[in-house]
Structure formats: structure tokens, C-alpha cells
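Have it open while you read.

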Amino acid sequence: MIFGKKEKPKEVAKEPPRQVVSTTAARAHLECTAGPEKGQTFRCAPAATVVGRDVSCDVVLTETVISRQHCRIDRQPDGWVLKNLSSNGTLVNRKPADEVLLADADEIRLGAKTRLKFVVEAVATFTSGRPQFRARATGQEDEQADEKQEPAAEQAKVSLFKRRKGLFIGLGAYLLIVVVIAAALAFRNPTVTASDDIPVLTEEDTITLLPGGERLTVVRTDPDGYYVADANGQHRTIPLADVNSGKAVLRRGIRKALEVRFELKKDHPGYPYTIDERNEGLGALCKQQAKENYAMSKLPGKEAYLFAAVRTFQKSLAYYGGRTAFVEDPASERIRLEALKELRDKVKGTYDAAVMYERAGDPKQAMKKYKILIEMLGAERDNSIHENVSRRITALKAKYKDIKF
């Protein structure tokens with residue numbers, strides 16, 4: 001040390017501060033950098049994005065060691081927060097994370113191979129780093145410079161508006177005309193467009209809250225509304241008024257669409273779940289026909305017979321007056337349950353494959369799978385699965401007009 005002088009402390013290199021982005025206008029997505037879905041991009045939902053292996057998730061990953069609902073990304077006022085939902089754990093930047101505030105370019109690790117990069121699309125409205133300032137003059141020079149620049153800037157703004165006033169007015173009128181014409185055409189000829197938000201078919205009925213897109217599983221229907229469960233297992237009731245008014249969207253699941261009950265017309269009118277009267281003779285005929293249909297469904301190209309077998313079994317139960325009639329015939333009951341499970345699995349597997357092809361940009365293979373489902377369901381157009389698949393087919397045809405399906 002030199003007498004009378006102090007040594008300057010050595011500067012220690014610090015890790016750049018993580019950029020925290022305001023979510024008031026930001027959007028985010030996940031880029032898969034490793035794993036079976038490498039190269040795919042998944043947009044984050046406006047409120048909550050569930051990531052996992054189950055097809056009901058917003059981001060569906062296929063690696064087997066990933067949990068059905070592995071983690072959730074919530075959009076909160078202070079940023080995007082990742083919450084771990086899996087006993088297998090979730091890593092953020094190679095560190096275990098139960099609940100962590102995400103920053104742009106953070107790496108999320110799930111399973112053995114899957115890596116997701118969190119990307120914020122909008123420009124940050126504030127950061128936690130050091131602000132960058134322009135070089136400034138000091139003291140009186142600074143004040144004089146500001147006094148000279150402000151009037152010049154104001155004058156430039158005024159002169160620019162005066163010079164371009166006519167152009168601005170013309171552009172405004174042109175845009176107004178374009179909007180009016182587009183609205184009129186859309187009203188006269190409404191078209192269906194393919195959306196990235198492909199509605200998934202889940203086992204149970206689900207309710208999606210609007211806005212926000214939170215998907216809830218329907219546990220049961222109560223007089224007050226729908227008793228539902230969220231991704232964390234928390235229960236609540238969604239009023240019927242919210243579904244009827246459009247605040248919440250009800251989507252029928254595979255189980256309710258396939259495991260229907262036929263009832264007497266006087267008690268429960270409505271196609272196709274009605275019978276005229278109880279008749280054990282007709283019940284026996286339906287049971288025999290159902291077993292024959294199930295045997296036919298095993299032949300190549302006869303998938304539609306599987307659906308017919310399930311429906312005929314259900315009609316047989318109705319004529320008998322309930323499942324108790326099959327207790328004395330355990331062989332038929334075993335075939336009935338086997339056919340029902342096989343149909344449910346085949347519908348789900350075929351639909352999941354179609355969605356996978358559609359998201360991968362292979363419309364021909366997606367259309368092929370969707371058409372298999374239509375053939376499988378036969379003429380039952382009121383079925384919620386048939387309605388869902390029909391909308392996807394229409395959307396594909398609208399998006400890929402140059403392709404002959």
C-alpha cells in the first residue's frame with residue numbers, strides 16, 4: 001500500500017441478473033429442445049398451462065416416465081410461475097423446483113430426455129438488470145442542451161403531422177372500409193378454420209372456464225350445477241347458469257358418450273337412447289346380436305361392428321330392465337365389458353393419433369384417422385365424439401384447400 005492513497009478494490013464478476021417480464025401484455029411459449037417432441041413449439045395458455053403425458057393436458061408429451069400431469073405454469077401479476085405436480089420432480093435450470101418464477105430462456109427438464117425452453121414473446125416492460133442510460137453533459141451544459149432539444153422535437157412532431165395529415169386520414173378511411181367489408185363477408189359466409197387449440201377427448205366430461213382456459217374434470221352433476229375437480233384435486237361447483245351463458249364450456253367425455261343407458265320413452269325421451277317397452281324376448285335377441293357383432297368386429301375392416309356391439313348390449317340391458325339380468329349369464333357380461341373397454345380404448349387411441357398427426361403438420365394421416373372414427377361411430381351423429389371429429393374434419397378441409405383428402 002502507498003501512503004496517502006487507497007488501493008481500488010478488485011471488481012468481482014457477477015452473474016447477469018435474470019430478466020423478469022411483466023405479464024400485462026406478454027405471451028409465452030415452450031420450445032422442446034430435446035426428447036420425443038424435439039423441434040415442436042407449444043403456446044402457453046392465458047391463465048394456466050398444464051404439462052404432462054395425459055391428453056387432457058395443454059402441453060402433451062409422450063415420454064413414458066413423464067407423469068400424467070407433471071407440472072403447471074401459472075400466469076400471475078408478477079410473472080410466470082412453474083409449479084411441480086409430479087413425484088418424479090421437475091428441474092428448472094438443472095435445479096429441483098417445487099414453485100419457481102420463470103425467466104426468459106429458462107430450461108425446464110422433465111422425465112429422462114425431455115427439455116423445454118421457456119420463451120417470452122413480448123418485449124419486457126421492466127427488468128431487474130441495470131438500466132442503460134445515454135451519455136449526458138454535466139451541470140449547466142446539460143440544462144442548456146435539454147432546453148435546445150425540447151422545442152426542436154416538438155416542432156418536428158407538429159411539422160410531421162401537418163405534412164402527413166392527408167396520408168393519415170386516407171389510411172384511416174381505407175382501413176375502416178376493409179374492416180367493414182371483411183365483417184360483412186364473414187357474416188354472410190362463415191368459415192371454419194383450423195386452430196392450434198385442438199379440443200382433446202378426455203375420459204370424463206370437462207368444463208373450460210372462459211376467459212383463461214382452465215380445464216376442470218366433472219365429477220358429478222348436482223342440482224346446483226357441476227361438481228368439478230381441478231388439476232390439484234381441489235373441488236368446487238360450477239353453476240348451470242355459467243355453462244348456459246357461455247362463461248364456461250362443457251365438453252362431453254368418451255365415457256359418457258359410449259357408456260349410455262337406454263330408457264323407456266315415457267321416462268326419458270330422446271334419440272337414440274330410448275326403447276318402447278320392457279321385453280325380455282327382445283332383450284335375448286339383442287344380446288345374441290351383440291355377441292355376433294363383437295365377433296364380426298375382429299375381422300379386418302369391420303371396426304364399425306364394435307360400436308354396434310356395445311350399443312346392442314346396452315339396448316339388451318334396457319329390454320331386460322337393468323344389469324341384473326346379466327348376472328345369470330356371466331359369459332355374456334364378460335363379453336359386454338370387454339367390448340366396452342376395447343371400444344373406449346380404440347376411440348381414444350385413434351383420436352390421439354389424429355391429433356398428433358395434425359399438430360405435426362401431416363393433414364392426410366390426421367384425416368385418415370378422423371375418418372376411421374366416423375366410420376366406427378356409424379350413423380349416430382348426435383354423439384359428442386362424432387360432433388368433435390366432424391368439426392376437426394371441416395377445419396382440416398378449410399385449412400388445406402389444395403389437398404384432396
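**Notes on sheets, a helix pair and a cysteine**

1. Start with the open sheet. Six strands make it up, in the order β2-β1-β11-β10-β7-β8, and the pairing is antiparallel. The edges are β2 (41-43) and β8 (95-96); each has a single partner strand, so one side of each is left without a neighbour in the sheet. Keep in mind that this is a predicted model.

2. Inside that sheet, look at how β7 (residues 91-92) meets β10 (residues 107-110): the two pair in the antiparallel sense over two bridges.

3. Next, β3 (residues 48-52). Is this strand mostly covered or mostly open? Mostly covered: five of its five residues are buried. Side chains in a regular strand alternate between the two faces of the sheet. In β3, Ala48, Val50 and Gly52 point one way while Thr49 and Val51 point the other, and all are buried.

4. Which strands does β3 pair with? One is β5 (residues 71-76), joined to β3 by four bridges and running antiparallel to it; here Ala48 has Asp74 as its bridge partner. Another is β4 (residues 59-60), where the pairing with β3 is parallel, over two bridges, and Val51 is partnered by Val59.

5. With a relative accessibility of 8%, Cys44 counts as buried, because the cut-off is under 20%. Leaving out residues up to four places away in sequence, Cys44 touches Ala28, His29, Leu30, Thr49, Trp80 and Phe118. Thr49, as noted, belongs to β3 and is buried itself. Also, the C-alpha atoms of Cys44 and Arg27 are 7.5 Å apart, although 17 residues separate the two along the chain.

6. Finally, the helix pair. α7 (residues 363-377) packs against α8 (residues 384-399) at an angle of about 150°, with the axes 10 Å apart. The cut-off for roughly antiparallel is over 145 degrees, so α7 and α8 fall in that class. The crossing is left-handed.

7. What does the contact consist of? From α7 come Pro363, Ala366, Met367, Tyr370, Leu373, Ile374 and Leu377, and they meet Ile385, His386, Val389, Ser390, Arg392, Ile393, Leu396 and Lys397 of α8. Sorted by type, the residues of this contact are 11 nonpolar, two polar and two charged.

Methods. Residues numbered from 1 in each chain as written. Predicted model: local features only at pLDDT ≥ 70, side-chain atom pairs only at ≥ 80, totals over all residues. Heavy atoms only, no water. Buried < 20%, exposed > 50% of the residue type's maximum accessible area, 1.4 Å probe, protein only. Pairing = 2+ DSSP bridges. Axes fitted to C-alpha atoms, helices over the stretch in contact; angles between N-to-C directions. Parallel < 35°, antiparallel > 145°, perpendicular 65-115°, else oblique. Left-handed = near helix turned anticlockwise from the far one by under 90°. Contact = heavy atoms within 4.5 Å. Nonpolar A, V, L, I, M, F, W, Y, C, P; charged D, E, K, R; others polar.
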